[in-house]
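This report goes through selected local features of one chain. It covers a charged side chain, backbone geometry, a surface patch and salt bridges.

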Amino acid sequence: MRSDLVVDVQSKEASIALLEEGRLVSLQKESRDQSYAVGDIYLAKVKKLMPGLNAAFVNVGYEKDAFLHYLDLGSQFSSYSAFVKKALDPQQRTLPSVSKLKLLPDIDKHGSISDVLTPGQELLVQIVKEPISSKGPRLTTEISLTGRYLVLIPFSDKVSISQKIKLSEEKTRLRQLIESIRPKNFGVIIRTSAEGKRVAELNNELKTLLQQWEEMLLKARKSTAPAMVFQEDSRIVSVLRDIFNPSFESILVNDEETFRQIQAYVSLIAPERKEIVKLHTADTPIFDQYNITRQIKLAFGKTVSFKSGAYIIIEHTEALHVIDVNSGNRSKAASDQESNALEVNILAANEIARQLRLRDMGGIIVVDFIDMAQAEHRQRLYDHMREVMQGDRARHNILPLSKFGLMQITRQRVRPAMDIPTEEECPSCFGKGHVQPSLLFTDTLQEKLNYLINDLKQTDFVMYVHPYVDAYLKKGILSIYRKWRMQFGRKFKIVPDQSLAYLQYKVLDSKRNEIDIKEEKDVASSATKTKEKAKKHTQTDE
């Protein structure tokens with residue numbers, strides 16, 4: 001199966017789309033200035049203990065206090081706590097060594113939060129769930145540092161191996177190899193990508209993770225809580241690390257700096273594949289170029305259609321997600337109702353598995369399939385859903401259909417479900433129902449071009465418009481676009497963008513930063529009015 005990765009980097013966020021045979025199966029959006037992301041490590045301070053919840057609220061600098069449950073402290077919390085106290089002590093000249101630490105007995109699994117934490121206590125915590133809805137981040141004190149092949153866990157002595165590595169000989173080889181190179185009191189999880197790797201590659205990554213651990217401790221000692229003490233160098237690279245597959249046909253990115261970061265990362269882990277990383281330099285938006293914008297518009301609505309007129313309806317509530325399967329007006333219905341129901345349900349299962357990955361839906365998902373009378377058909381649907389969900393990296397559990405035809409799925413939730421509005425608000429009336437004459441929209445664009453070129457002195461900028469507007473501007477030999485280029489000089493381009501509404505436009509300068517024309521004009525207009533008022537006052541005084 002052909003797989004491609006497309007990375008769209010904008011000024012405020014980056015979007016990463018995974019295509020399989022040209023079909024969008026996964027979409028992740030990462031804010032470029034986002035805080036409180038999964039994996040980040042903070043020096044934090046305990047704010048309040050909640051014995052009734054057996055948990056504590058911890059200040060990590062977020063508007064809502066983060067949540068730390070007793071069970072998320074980890075069995076080795078006593079050793080961890082003693083070490084952190086020494087590591088943060090400014091009187092200590094050198095950092096304490098985890099390898100030389102004598103591990104203390106495990107804490108009681110059924111203990112109380114009040115026995116191990118006190119208000120005001122400083123901790124090193126790691127975010128395991130991003131802020132969702134009105135809840136703050138969820139934390140753990142079981143710190144882990146993730147690499148491409150290994151996960152390093154301080155205060156542990158256990159070596160675990162990914163269940164996706166099937167060969168027992170390879171499991172034994174990897175376990176013996178890691179046992180021979182790992183330092184004392186550091187646990188290691190061997191990831192699937194470590195399969196077949198040589199000792200030198202694993203040893204180099206282990207050294208890198210240990211260095212990150214020491215650098216984090218040094219930063220924590222110099223910081224005042226709350227403060228971030230560890231973050232991935234690049235959010236895009238950290239996402240790529242988890243989803244990268246050497247079988248990718250191409251990785252396309254539209255930002256030069258990100259291109260260099262991704263190419264350096266691929267060169268490090270798979271030097272023979274570095275040529276698959278390609279820089280998109282065309283003015284056409286990268287998601288439009290590879291038909292991703294259209295697929296997003298089709299896939300993220302409340303109603304999602306699939307083959308032969310059938311469709312699913314997706315509803316979100318605070319507690320769970322509900323999906324309803326409908327046969328619709330199928331043009332190729334089977335001869336009997338039972339076969340038709342099975343066929344629609346199988347197709348719906350394929351689309352539901354894709355939607356869970358696309359929207360990153362987590363928690364409880366309830367699917368109302370079309371009722372089927374035969375037990376073997378219900379079993380076949382259950383088996384098929386398990387099969388199509390195997391490619392989902394998030395932990396999940398699927399229950400067989402109930403007697404009411406409902407299937408319950410639980411899926412790991414570590415971040416809010418992605419919700420992309422597909423209905424467009426009119427950019428001219430903002431939903432009021434009255435718009436400027438669309439025929440005059442070209443006059444508005446001409447006015448903006450005049451302002452950009454003659455007032456702001458902008459050159460080499462790109463104006464993006466809806467594809468229909470672009471087609472209208474460029475129709476004919478002596479098109480409106482060509483007349484504007486003759487009038488203003490060849491200082492700009494007009495390019496279609498499928499993500500824009502009908503009478504909407506945006507402008508990017510030569511460095512691909514968006515120019516807010518409305519705001520600029522308001523400032524200029526305000527300055528002109530101020531000057532006119534001052535002039536009138538002067539004349540009155542005289």
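In which loop is D509 found? The model is predicted, and in it D509 sits in the loop between β24 (505-508) and β25 (514-515).

D509 is buried but has no salt bridge. The nearest side chain of opposite charge belongs to K511 and is 7.1 Å away. A salt bridge needs a side-chain nitrogen within 4 Å of a carboxyl oxygen, so K511, at 7.1 Å, does not pair with D509 in this way. The side chain of D509 does reach the backbone nitrogen of K511, at 2.9 Å. Leaving aside residues up to four places away in sequence, D509 touches Q458, D460, F461 and I515.

**Backbone geometry**

One of the residues touched by D509, namely D460, has a phi near 55 degrees, a positive value in a residue other than glycine. D460 lies in the loop between α11 (441-455) and β22 (461-465). Is D460 buried or exposed? Its relative accessibility is 55%, so D460 counts as exposed.

N291 is not a glycine either, and has a positive phi of about 60 degrees. Its place is the loop between α7 (286-289) and α8 (292-299). N291 counts as partly exposed because its relative accessibility is 37%.

The peptide bond from A225 to P226 is cis, with omega near 0 degrees. P226 belongs to the loop between α4 (199-222) and β13 (227-230).

**A nonpolar surface patch**

Which residues form a nonpolar patch on the surface? They are L439, L440 and Y472, and together they have about 310 Å² of accessible area. L440 counts as partly exposed, because its relative accessibility is 40%.

**Salt bridges**

The count comes to 18 salt bridges.

| D4 | R2 | 2.9 Å |

At 44% relative accessibility, D157 counts as partly exposed. R182, in contrast, has a relative accessible area of 15% and is therefore buried.

R2 counts as partly exposed, at 40% relative accessibility. For the remaining pair in the table, D497 is buried, and so is K506. Salt bridges that share partners also join R2, D4 and E249 into one network.

What does the side chain of D509 reach at 2.9 Å? It reaches the backbone nitrogen of K511.

Notes. Residues are numbered from 1 along each chain as its sequence is written. This is a predicted model: local features need pLDDT of at least 70, side-chain atom pairs count only at pLDDT 80 or more; totals for chains, interfaces and linings use all residues. Side-chain values use heavy atoms; hydrogens and water are left out. Helices (H or I, at least four residues) and strands (E, at least two) are DSSP runs, numbered from the N terminus. Buried means under 20% relative accessible area, exposed over 50%, partly exposed in between (1.4 Å probe, protein chains only). Lys and Arg count as positive and Asp and Glu as negative; His and the chain ends are not counted. A polar contact is a pair of N or O atoms within 3.5 Å; within protein, one must be able to donate a hydrogen and the other to accept it, and residues adjacent in sequence count only if both atoms are side-chain atoms. Contact means heavy atoms within 4.5 Å. Patches are made of residues with over 30% relative accessible area and no salt bridge: like charges are joined within 9 Å, nonpolar side chains (Val, Leu, Ile, Met, Phe, Trp, Tyr) within 5 Å. Accessible areas come from the Shrake-Rupley method with a 1.4 Å probe; for residues, only the protein chains shown count as cover.
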